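I opened this structure to record how its strands pair and how its nonpolar residues gather. My entries follow.

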Amino acid sequence: MPGTRRVSGLRREELAQLAGLSTDYYTRVEQGRVQRVSDSIVEALGRALRLDEHEFAHFRNLAQPAPGAKRPAPRQQIRPGLRIMLESFAQSQVPAYVLGPYLDVLAWNDLAAALVADFDRLSPTERNMARLVFLDPAARDLYPDWEHTARTAVGNLRLAAGQFPHDPRLIALVGELSVHSPEFRGWWAGHDVRERTSGTKSFQHPQIGRIDLHFSSFRCTDAPEQVLVTYAAEASSPAETSLRLLASWVREAVPSQERGVGQRERAEEISGTGGDQR
């Protein structure tokens with residue numbers, strides 16, 4: 001039947017018209033044959049595609065790659081003040097950790113390790129949230145809404161891919177996850193982009209049971225590739241009681257002179273790995 005669409009979505013000429021461009025020029029943009037795409041054209045295409053904030057950021061990275069986009073992500077180093085902050089969070093019953101651009105766990109406090117995973121016992125390669133979510137069987141029990149958590153990890157990696165598409169560390173990580181996880185392989189092919197900066201996160205912890213926490217993530221101003229993630233319980237809630245119990249177990253299990261050692265060791269490992277990094 002004439003005019004019947006074989007696939008959903010806008011045709012090339014329709015998108016060009018919505019953005020106020022000629023079909024020929026849009027085709028050259030799409031094929032990467034325009035040396036520099038102006039801000040006005042990027043914004044026009046973003047409006048035509050109805051991209052949200054994170055999708056537009058990813059689109060802009062692709063259309064206007066930064067001068068260093070072909071290089072690996074910058075070497076990741078955790079400043080001492082941030083490590084002190086992580087330890088102070090633990091004293092306030094706030095699990096917290098720092099992620100690099102590819103969801104590597106760069107630093108953490110002991111309460112975060114007790115809640116999420118024993119990062120000290122993992123090798124540097126294994127200390128990666130996407131890898132834990134997709135390849136560690138325990139993650140499916142820890143996260144009641146595992147699919148949402150997993151899809152968010154994929155969306156975060158997509159954002160990183162727009163910034164550092166040629167980084168060997170990212171390429172290796174995506175390759176490993178694609179080989180070993182059919183779910184990752186399918187969702188990665190969907191090109192979904194997402195970044196959650198706040199909300200509620202549920203855990204089904206093996207010792208303290210179900211716990212619902214408020215999470216917030218903050219980009220470090222002096223190292224924008226790094227994100228500080230914190231979890232907090234509402235005052236006088238069952239979650240606060242559970243966190244206090246977990247914190248007491250941590251104090252009993254880890255001598256005070258040894259707390260925080262793991263995150264310092266991790267910072268030293270990362271500082272010498274170059275491209276190592278939701």
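I count two strands as paired if DSSP finds at least two bridges between them. The model I consulted is predicted.

Strand pairing. I looked up strand S4 and strand S5 (residues 223-232) and found them antiparallel, joined by 7 bridges. A hairpin of 2 residues links S4 to S5. Within this pair, I noted Cys220 opposite Ala223 in S5.

I then turned to the other partner of interest. Strand S3 (residues 198-205) pairs with S4 (residues 209-220), again in the antiparallel sense, over 8 bridges. Here the hairpin has 3 residues between S3 and S4. Ser202 lies opposite Asp212 in S4.

Overall content. I recorded 13 helices and 5 strands for the protein chain. The chain has 278 residues, of which 47% count as buried.

Nonpolar cores. Which residues have the most contacts inside the largest nonpolar core? I listed Tyr97, Val116, Phe119, Met129, Phe134, Leu157 and Phe203, in a core of 49 residues. Helix H9 (residues 146-163) gives the most to this core, with 7 residues. I also noted a second, separate core of 14 residues, with Leu15, Val37, Leu45 and Ala48 among them.

Met129. I examined the contacts of Met129, setting aside its neighbours within four places in sequence. Met129 touches Tyr97, Leu99, Leu103, Val105, Val116, Phe119 and Tyr143.

How values were computed
Residues are numbered from 1 along each chain as its sequence is written. This is a predicted model: local features need pLDDT of at least 70, side-chain atom pairs count only at pLDDT 80 or more; totals for chains, interfaces and linings use all residues. Side-chain values use heavy atoms; hydrogens and water are left out. A nonpolar core is a set of buried Ala, Val, Leu, Ile, Met, Phe, Trp, Tyr and Cys residues joined through side-chain atoms within 4.5 Å. Buried means under 20% relative accessible area, exposed over 50%, partly exposed in between (1.4 Å probe, protein chains only). Helices (H or I, at least four residues) and strands (E, at least two) are DSSP runs, numbered from the N terminus. Contact means heavy atoms within 4.5 Å.
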